[in-house]
Each structure stands twice: as structure tokens, then as C-alpha cells.
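Have a look at the fold, then read on.

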Amino acid sequence: MTARMTAAPEPGGDPVRRNSQAARARIRYSRRDALARFLGTLRSHGHHVHAESVAAAIEAWDEHGGDPAEENCDAVGEVVAVALAELGHDRAAPENLEVCPVARQAISATARGYEDGSALALVSDSLVAFAMLYAQHLADARTKESALATARSVFRRYFRDESGLDEDLLAASLRFSALHQRVLGGPVTPFPVLTDRQQTDADWYLTHCLRFVVAHEYAHVLLGHGTAAPGVSSCAGDPGWETEADELALRTVLHAWRRHGPGTRLHAGLGALLAVVVVHFSERALFIHRGTTHPPATERLDRLVRSLPPHVALLVGQYGSTLMGLTDRAAHFGAGAAPVPWQPVLDHPRVRRQGIWLDHRDDLARYAEIQSHAPHELVAALREGDARHGTAVSAGAEAVLAGRTGDGLRLWGLPPRRVEEITDPALPLSFWGLLDEIHTTLPAVPHPAGRLDPALRAATLAQYALMEEIR
């Protein structure tokens, strides 16, 4: 997020927050430490340009005096908790809810309730990055610099059903970013060039989007969905629970908008739409497939539209249909999928110039191509690699492809406790962290740096992708 939404309290300044179980759980996690570990991994694997970018981000945080995402998370959490309390949910109070940004995790959000009544909501960096990508393209389409241009835009939207979105650029940017998310565990997001006014609107859309996400996750805790034991994650996949959480989240977003802003009711409605779209994208495009934990996105969109005032509902429905279609177009990585449009995105005159690292583009292209191979082709490639390099990857891969995921991981050398965690679909999973574990447990490979060569490494990645898809 580029705008700071409200002033956040000093870390540790409130003894109630500091002493709650949720606060203690949040303090134990450091996004900076997670990225610092990722930086070490990048450097060890030779991704020097990518490493420089991560190092620059860490340095900027240190100069700032802390992680700026923590401040925005505090602001979102406080507004959501106050709004829920004002809507009559007595357990929802600012001191009971902590919101924590999480680095290098799938596009996800979750919440956990604790015995002392506190709750911790976790929102991944990737979710925020993709939500901002949608938000910026939406602001680019809607926000004009003059009244005449605004009137023309409204006319095209209402009477010609023209969204004003650069649909090709948005679909290509989503696809470009999704491949990085699938392979490296974090997106590379080519944002469009915006005016200051457009950026402000994009920040407002993102604010309401994150409020909806946090309110939806916290609603599961407040409504007792699957929380028989403290610390149980939300979004357990029950359609009725998801509908209840969506309804409460939308009421929360609209109430929060009336009390705190920003923008108009349309900003709030479109922000809620982006929350639904980003979840749809995560369930379609991820390299690590966690399964579908929500009802179909079209059903969620229909309910959202029915719950909004007519003038807001019309535009939310129109933009929702367009964004769903673009998402489906960008998220297909199976057999026969179109190549990722590297150069057209980077060379596009309306994409912000920034240090987007592409020293690894050949590896990523290979991973994408291998993902479209049939299982028997992958097993054959792995057997050939085992024979050539003296490794023992293929036996575990065959077990995974036969549906014996745990057996495959044990054959790859992972410890039993970690196998249990990986095969539990209720737990979030870090792709890169697991890949490192697999690599360190595989037999030694004759390589100067002790790493798998690119072809065998790509095949290992592909096996892991297939393992996740059939979980």
C-alpha cells in the first residue's frame, strides 16, 4: 500500500494488546526475518538481481524504523474490530484483534481465535500485491482528470458496457506475476503508471478490500466456525459458513465506510469485489493448490451484488463479470496454456519502470512448460535424471503421482513430523521453504555448489506441483 490509512499505535504501547495471546503470536513472527532468510536462499541459488531487490526492501524498512505494512495492518484491524463491535458483536473490540502481514506465503488470509478472546488475522504479502494490482487497474479505468472525461467514462460503462480497463495488459500482468508466485513464492507485480488522483483511488479500493478480507476471516472466529479448539484456522470450506462470513464482512465494510471513510460507497463496494476476485485468482492460479475453500466466485459475486444499493450493485456486477473473465484467462497454466508474456509486459508504455528481475526467466519458462507434461512423461524424465546424476528422486515422485503423497515425501527424506504438516490441507504451506527442505534431504548431487542441476530441479518442482493438485 502506498498510503498510510490511519495513525497506528506505537508497537507494544497498549498493555492489553501486548499481553493477549494473539499479540504474542504476532510478535513471534517477523516479516523482516522471513525475508532475510529468503534473501539468503536467493543468494545461495544465484538469483543476484532478485536478491538485490529484496535487500533494498529490507534496507528501506530499517531506515523507516520498522515494517510499514505493520502500520497499515494495525489500521485495518482497528477499524474492522470497532465496526464489528458497533454492529453488536461484543467480542469484537480493538484490543482483541491483531492483524499481521506474512511474507512469502500463498495468496491467502486466515484467522485464529484464542482462549482469552483475542484473535490473530494473517494476511499474506501476495494477497496484498495482487489486490493492489487489481485496484490500480480499476482506478486507471475509473478515475479521470476532468469532469468531461468522467462523464464519457460513465457513458461508456453504463450504455456501451465498456469497462475502460486495459484488459490485455491486466490479464498479461496477472499471468506474469502469477508465474513468479507459483515458482518463487512471491509475485513480481508490474504496476501501471497512475496519476496522483488515480493512486489515491487505488489506495481506497485496497483499504476496503483488506477490511473485507480481515472481517471475513475474523467473522469465522466470532461466529464459531470450526473453532472448537483455540488456534484453529478459519475458512474450513463449509459453504454456509462462507456465506455467513461474507455477509458479515460486507456489513462491516459498509459500516466502517460510513464511520471512517475513505471515498464513497462505490469505493467500498468495489473494494469488497476485489476481495472476492483475489480469492478466486488464488484458487485458480497458484502453483501450490490448496483446494477450493470458498463457494464459486460467481455465487459470491451474485450475493454481493444483491446486498448493495442498486447504483452500486450495477457497477460492481459489471466490473465483477469482467474481472472474473480476465482472471480465468490469466490463471490457466495447464496443458496447452499460452506462454507467459514477459517482454510485452515489460515494454508496455503504461507499465511503471522498475527493477523487475528477469535473470531467472529461462528457469521459470522451463518450470511452466514442464507443468504441462503428462505424469508418465515426468516420471520418465526423473528416472533419466536419477541415472545421470546419481540421485533418487523418481521413486518418491511415482508415489506422489499414485496418490501416496506422504510415502513420496518420506522417500524424499523429509522427517515424519514435517510430512504430517505438509499433507494437512488445513495448514498454510511455504513453497520455497519446502523446496529447500527437499533439496537438503535428497542424496548429494555432483555439482560444484551441491545443488540439483536445472533440469532435475525443474522436474522436482513439477512433481511438487502435481502433488499439490491431487491433494
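At what angle do α6 and helix α11 (residues 265-285) pack, and how far apart are their axes? The angle is about 135° and the axes lie 10 Å apart. Before going further, note that this is a predicted model, where local features need pLDDT of at least 70 and side-chain atom pairs count only at pLDDT 80 or more, while totals for chains, interfaces and linings use all residues. Residues are numbered from 1 along each chain as its sequence is written, and side-chain values use heavy atoms, with hydrogens and water left out.

**Helix against helix**

Helices here (H or I, at least four residues) and strands (E, at least two) are DSSP runs, numbered from the N terminus. Axes are lines fitted to C-alpha atoms, for helices over the stretch in contact, and angles run from 0 to 180 degrees between N-to-C directions.

| Pair | Angle | Axes |
|---|---|---|
| α6 and α11 | about 135° | 10 Å apart |
| α6 (residues 125-142) and α13 (residues 310-330) | about 130° | 13 Å apart |
| α5 (residues 68-86) and α9 (residues 196-222) | roughly 55° | within 10 Å |

The angle between α6 and α11 is about 135°, and that makes α6 oblique to α11. For the labels, angles under 35 degrees count as roughly parallel, over 145 as roughly antiparallel, 65 to 115 as roughly perpendicular and the rest as oblique. The crossing of α6 and α11 is right-handed; that is, the near helix is turned clockwise from the far one by less than a right angle.

Which residues of α6 meet α11? They are Leu127, Phe130, Ala131, Tyr134, Ala135, Leu138 and Arg142, and their partners in α11 include Leu270, Val277 and Phe281. Contact means heavy atoms within 4.5 Å. By class, the residues of this α6 and α11 contact are twelve nonpolar, no polar and one charged. Ala, Val, Leu, Ile, Met, Phe, Trp, Tyr, Cys and Pro count as nonpolar, Asp, Glu, Lys and Arg as charged, and the others, Gly among them, as polar.

Now for α13. α6 passes α13 in a right-handed crossing. On the α6 side, Tyr134, Leu138 and Arg142 meet Leu315, Tyr319, Leu323 and Thr327 in α13. That contact of α6 with α13 divides into five nonpolar, one polar and one charged.

α5 also passes α9 in a right-handed crossing. Val76, Val79, Val80 and Leu84 in α5 meet residues of α9, among them Leu210, Arg211 and Tyr218. The contact of α5 with α9 has nine nonpolar, no polar and one charged residues.

**The sheet**

Three strands make an open sheet in the order β1-β3-β2, with mixed pairing. β1 (97-102) and β2 are at the edges with a single partner strand each, so one side of each has no neighbour in the sheet. The twist averages 20° from one strand to the next.

β2 and β3 (residues 119-124) pair in the antiparallel sense over five bridges; two strands pair if DSSP finds at least two bridges between them. Alanine 109 stands opposite valine 123 in β3. In the hairpin of β2 and β3, five residues lie between the strands, and glycine 117 takes a positive phi near 90°.

Is β2 (residues 109-113) enclosed or open? Four of its five residues are buried, so β2 is largely enclosed by the rest of the structure. Buried means under 20% relative accessible area, with exposed over 50% and partly exposed in between (1.4 Å probe, protein chains only). Back to α6: this helix lies across β1, β2 and β3, running at about 55° to β3.
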